[in-house]
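Please look over the sequence and the 3D structure below before reading on. The report then takes up the surface, the pockets and the pairs of charged side chains in turn.

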Amino acid sequence: LVALAASACVPAEEPQPEVSPMQALVDQYATVPLTSDLSHLSENDKQVVRLLIEAVQPMEEAFWMQTYGDEAAALALAGDDEATRRYVEINYGPWDRLRENEPFITGVGAKPAGSNLYPADMTKEEFEAAAAANPALAGLYTLVRRGDDGTLTAVPYHEAFAGQHAAAAAKLREAAALASDPGLAGYLNLRATALETDDYQASDLAWMDMKTNPIDVVVGPIETYEDGLFGYKAAHEGYVLIKDLAWSERLARFAAFLPDLQSGLPVDAKYKAEPPGTAADLNAYDVVYYAGEANSGGK
């Protein structure tokens, strides 16, 4: 009886507020603060981090243009529902990236396989015939658009995204002037030029040559996953990284084992013909900023 009386005095649990289906989708994603130890950076290099974040930010607008088109129009699809608006932001459009791009807003239809990288009314056969005559259409750094006469034309990225590229290049050059590491400074200047010309090879090689940089940045059109039609077109993204010196030092010794690790892979010998170099870099980084494709959907 005493036990029954005691249990009767336990207050009932407060009913939990109902969560809308759209809020449940948003709640799949955890919000995580991006932090890093900057104590090993000089005051100038701390300013470099700030400038690199500003250099990466224009990739947001460029990626919106590539994946959907007009960001404001995409957000307007959500109406007054804040959860829907947030889910559009997370997915850079009204299609759910965790569910094979299923539409989560009624009436928008299926996501175009080629996103906004090609004309929505273009067929594969039309593209292939046009690209045979004009190979620039299949270029990594061109948008495909329909001209006034109905033919397909190639628009170079440095023209299509001139404003975004110019803004990023200016910040990269500011950062280069302050960077303590010569390799990083050289890379940033070359990357700025690449954004203005669509010629990325020199900056890519400079990025691979960096060894002592305490800061790193990836910025520009890189991966081709957004092009579900052909996989030809690079999408814009960016992230700013701070090297974890202690963990990078721990990882460095494993580079010596790469040839042995490759020789033991359970694949045909033809896939292991080129031995990896023992001078390969293995580093650990904290990411302190994401933008564009790198920020879309799940990280």
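## A nonpolar patch

On the surface, Leu 205, Trp 207 and Met 208 form a nonpolar patch with about 320 Å² of accessible area together, where a nonpolar patch joins side chains of Val, Leu, Ile, Met, Phe, Trp or Tyr within 5 Å, each residue having over 30% relative accessible area and no salt bridge. Trp 207 is found in helix H11 (residues 201-209) and is partly exposed, with a relative accessible area of 38%; buried means under 20%, exposed over 50%, and partly exposed in between, with a 1.4 Å probe and protein chains only.

This is a predicted model, in which local features need pLDDT of at least 70 and side-chain atom pairs count only at pLDDT 80 or more, while totals for chains, interfaces and linings use all residues. Residues are numbered from 1 along each chain as its sequence is written, and side-chain values use heavy atoms, with hydrogens and water left out.

The largest pocket has a volume of about 570 Å³, a pocket being an open set of points on a 1 Å grid where a 1.4 Å probe fits, with protein on both sides within 12 Å along at least five of seven lines, and its lining residues having an atom within 4 Å of a point. Its lining has 20 residues, of which Ala 30, Thr 31, Arg 86, Asn 295 and Lys 299 lie nearest the centre. Helix H4 (58-67), helix H6 (82-91) and strand S7 (285-292) are the elements that give two or more residues to this lining.

The second largest pocket has a volume of about 250 Å³, and the residues that line it include Trp 207 and Met 208, both of which also belong to the nonpolar patch.

## Salt bridges

A search of the whole structure finds 13 salt bridges, each a side-chain nitrogen of Lys or Arg within 4 Å of a carboxyl oxygen of Asp or Glu. In one of them, the side chains of Lys 171 and Glu 54 meet at 3.0 Å, N to O, and this pair links helix H9 (residues 162-178) with helix H3 (residues 43-56), the two residues being 117 residues apart. Lys 171 and Glu 54 are also linked with Arg 50 and Glu 174 in a network of salt bridges.

Glu 226 forms a salt bridge with Lys 111, the closest N and O atoms being 2.6 Å apart. Because Glu 226 lies in the loop between strand S5 (215-221) and strand S6 (236-243) and Lys 111 in the loop between S2 and H7, the pair ties together parts that are 115 residues apart in sequence. Both Glu 226 and Lys 111 are buried.

Notes:
Patches are made of residues with over 30% relative accessible area and no salt bridge: like charges are joined within 9 Å, nonpolar side chains (Val, Leu, Ile, Met, Phe, Trp, Tyr) within 5 Å. Accessible areas come from the Shrake-Rupley method with a 1.4 Å probe; for residues, only the protein chains shown count as cover. Helices (H or I, at least four residues) and strands (E, at least two) are DSSP runs, numbered from the N terminus. Grid points are joined across faces, edges and corners, and a volume is the space filled by probe spheres set on the points.
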